[in-house]
Each structure stands twice: as structure tokens, then as C-alpha cells.
Amino acid sequence: ANYFSKFSKAPVICKLVGRKVLDGLGQPTLEVEIYCKVKNYEEKICSIVIASHSQIPENALPETIEADEKERNDSVHTAVEWVNESLNTMLRDLESTDQCQADKMLGEYFAKKVEEKKEIQKREEEEAAKATPAPASCPPTPIPKQKSRGKSVKKVTVEENPIPPAEPAEPVLCGSLAIGGTSLAIAKAGAIISRVPLYFYIALLKHDQESPKEMNLPLPMVTRLRCEKISPAKLKLVKEVMLIPPAELSLKQGIERILNIQKEITRLLESSGKMPGPQADSKKGKAQSSGKKAPPPPLKRISHLGCLTTGYDNLEQLLLLMQTACKNIDLELGTDMYLAINCAAHELMDYDKRKYEILTGTFKSPDEMVAMYVEMINNFPFIIALIDPLRKEDREQWSSICCALGSKCYLIAEDAATHISKLKTDQNINIAMCSGVVLKYINQTKVSDLIELTGILDGQSHITILGSPDGESLDESLVDLAVGLGARFLKLGGLSRGERVAKYNRLLAIEEELAANGTLR
């Protein structure tokens, strides 16, 4: 029976089902189910939940947040309609293993929707122009000449260093989630039909069906602390502090080491407040001996990234905490563990002052930022990666910082990189000299797009980092994508919250599978 089943007709897609579900933050997002006809029977093969992503900054106004929520709801509603109607009809009878053809059809459908949107906008603008009466022309009012009294006053012009204005956000078409969700669901169905893991299936797609002899696991960037930029604390330069285990450790060993550091950091924060050290310990001892209750811990909140949320008054205070925590458990930063810092510089720019606000009331120009980062890395060489140290518009300073620090640490663009669709079209990275780019599987991104783009990045000697969006779900497909595409790093957030931990567990399971098969490099 098994022998003859090889000659049966290949399974084809017979139905797509889209539905609105909630992500890890309780926000609406899209689930896509794939049904295939296998040996004349209709079977549900798999489902995926695509992560939602918001570009709204922390300090956004309430009306901006409300408008974003409405837009998100409309987008998910439209995406469900697309999946259940147009895409369901369009992809019916397509072989589930024909990823290239599926993504081509999805791309053409999306391009058609973009053109329809442009036509609607054009008609609306024309109708608005007709409805608005032309302003009546009035003769210019003569300006009386003032007599000069005495000496003429010279106008003093102050030369100011202009900064490039912020580039407008990449427009997101309402319903675009349907494209990314359907593409990933078809890839997962293809892997199940082919009886191989999704990461292996992705690797086959990337390498033209050539089976890889060895596979690398991406190094995890585990978020340990999240510093709120709108908190009362002064430090604004740091948004996330991430731990990166040494490459010579297995993933299991690296995660265990990070968990030990995490426990020690929590202990230090709960026992001594913001600043760990002998003074704090002595204060705690005095409080206990006098019978008084110790002050409440400064934090108990886990952020949506699965890490502790806190604030600091300066960078040294934060780094001292990390060093002390490692030292207390006989580890050394720079040897046994490394740090990466997400600066999210686009959230720091004060456009009135034309400078970055790195501390409350402390501002630096783009050139001064470069000098500050050089000093930081020289003083703290255990920081091996900076994410978004500058805005993407500051291209001249990106070149400067890459020349100065490119050999000492990774300079990574996340929000400082252009949209995936634009990167793929331009065949070029927005910031040519950065070390690598954080890619997120969101909106209209297709599996074929990621395969093509990681090939471009590999050819330009850039590293690939697969990043987890803000609104994650329990879907683990991102991990398989990262392994199959050969990403250097995987940015998943912290080791808390179910939707985050599920992905780390999947990464550990893949390590075991590859080690058992003898294909783990």
C-alpha cells in the first residue's frame, strides 16, 4: 500500500479558512488554515497565526493609539475576507508543495490590490478638488514703506546644522496580513505533505532542493531588561538589553546560563533597588536588623517582550548591574556572555532641537552620537551589537560609525532599515555599511521574499537577524524560518510569557533533532 501510494496524485489545496484570533497582547490578528485533498479525501493539514506589528511609539498620543487600533481591526477584517473569498478561489487545486507558484500568485494579487487602492485615492482626490471652490483672487495689499531712522540694521543669520527630516512610514495596505499568512501556511503544509520539518523544507527551498549536509542554529538575542523611554528615570538611550551566549556553547547550555543570570539580576533588583553593590546589601541588612520592612522592589512588571521593565539614570548604572550579576555567579562579561543594546534611536530625536535626547535634558547631535558610541564600545568591549544606534536618515553618520566600530561590534538596522518589499525591489540595503538587518515576517511578506532577501544579504556579507514582532502568538514558525534561512541571530524577546518561551522551546527541540541526525554544525 505504501509503495502504490507514491503513484497517487499529489495533494492539492482544496480550501483556505481565515479567521480573526487574538495575539499574545490581546490584539486581533489573522489565522489561516490549509485544507488539502489527499487521496480523494479532504484533510486539514495545518494552520498558522501571523504575528501583528505596530509602528506606534511609546509616547504616542491617545488618539493616535485609538486610530491604530481601528486600522488594525479593519486590516484583520479585510484579511479574513481575502482569505475566505478571493485567495480561496485563486489557490484551489494548486499543489501545496509549489511554493514558488503560490507566492507568485499572491504577489500578483497584492499588486492588483495596490493598484485598485491608488485608483480609489486618485478618484477621491479628483472629486474633492471639484467640490472645493477656487478661492477668489484678491489684489495684493500694498505694504507701506517705512522710513529708515538712522543707521541700517543688519540681519544676523545663524547657521544651523540641518538634519534630514524623518522619512514617512511605509504605507501598509489594509488586508496585507492575508498575503503573509497564506504564504507561510502553504509552506507549512508543503513541509507536512513532504514529511519533513518546516526548517528543513525552507532550507530546501533556499538551496534549490539541494539537501544541506550541515545546518547552523542562530544565536539567540535574549532580552533581559526593557527600559521605558517614557519612565521617570533619566536614561533614554537604551530600549532593550539583550544577552548573547558564546557560540562555542550549545543552545541548551547558553539558555541555562542566561536563566542563571536572569535569576541573579532579579535578586539584585529586589534586594537593593536600582544599584547593586555592597552599600545596597548593607542597607538591606540594617533594615532587617532594625525590624523595619525593606522598601518594595522597584519593579514587578513583565513587559510584552517577556522581560523585566525598569529604568535607570545613566548607562553605567545599567551596565554595572549586568556586570555584578555575572560576577556573582562566576561569569565574566566579554568571555562567558555578551551584551547587545537596542537603542531605537528613531524614538530619541527631538526635531525642534535637531538632536537626540539620550538622557532627560541631555542632547547630542548625530556626529556627537557617533563619538559617544565609539567611547562606549572602547569602555565596554563586551557590548558586541548595537541595534538602531542612529536613525536611518543619518546616512553620513552611519558610514562614520561603521568605519569606526565595524570591526569591534555588529551595527544592526531594525527600524533603521527599509521595508522588506522595498529592500527586495531595490536589491540593496538602505544603509550599505551596516553589519546586518533585522527582518520581521509581517504584513505582505512572503516566504519567497525572505529566501530571496537573505540570499542578497549573504552575497553582500551582511548578517541576517530574524526578529519577533511586538504582538506575538504561540505559533513557532518564525524559529523554523530562522534555522532554514541560516540566520545568524534570532531576536525573540525574553524568557517569560508563553508566546516567547514556546519559540525558545522549539529552538531547543530543533537543536536536539539536528544533533541526533548528525547535521548540527
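Analyst: The largest cavity lies between domain 1 (12-55 + 63-119 + 173-195) and domain 2 (204-272 + 300-517), because both of them give residues to its lining; the domain bounds come from an automatic or database domain assignment. This is a predicted model, in which local features need pLDDT of at least 70 and side-chain atom pairs count only at pLDDT 80 or more, while totals for chains, interfaces and linings use all residues. Residues are numbered from 1 along each chain as its sequence is written, and side-chain values use heavy atoms, with hydrogens and water left out.

A search of the whole structure finds one cavity of 30 Å³ or more, where a cavity is a set of points, on a 1 Å grid over the protein atoms alone, at which a 1.4 Å probe fits but cannot get out. The largest cavity holds about 130 Å³ of space, a volume being the space filled by probe spheres set on the grid points, which are joined across faces, edges and corners. Its lining has 14 residues, of which Val49, Ala51, Leu184, Tyr441 and Leu478 are the closest to its centre; a lining residue has an atom within 4 Å of a point.

Strand E3 (41-50) and helix H13 (477-485) are the elements that give two or more residues to this lining, and the largest share, three residues, comes from H13. Helices (H or I, at least four residues) and strands (E, at least two) are DSSP runs, numbered from the N terminus. By class, the lining divides into eight nonpolar residues, three polar and three charged, where Ala, Val, Leu, Ile, Met, Phe, Trp, Tyr, Cys and Pro count as nonpolar, Asp, Glu, Lys and Arg as charged, and the others, Gly among them, as polar.

Conventions:
1 Å grid on protein atoms, 1.4 Å probe; cavity = no way out; pocket = protein on both sides within 12 Å on 5 of 7 lines; lining within 4 Å.
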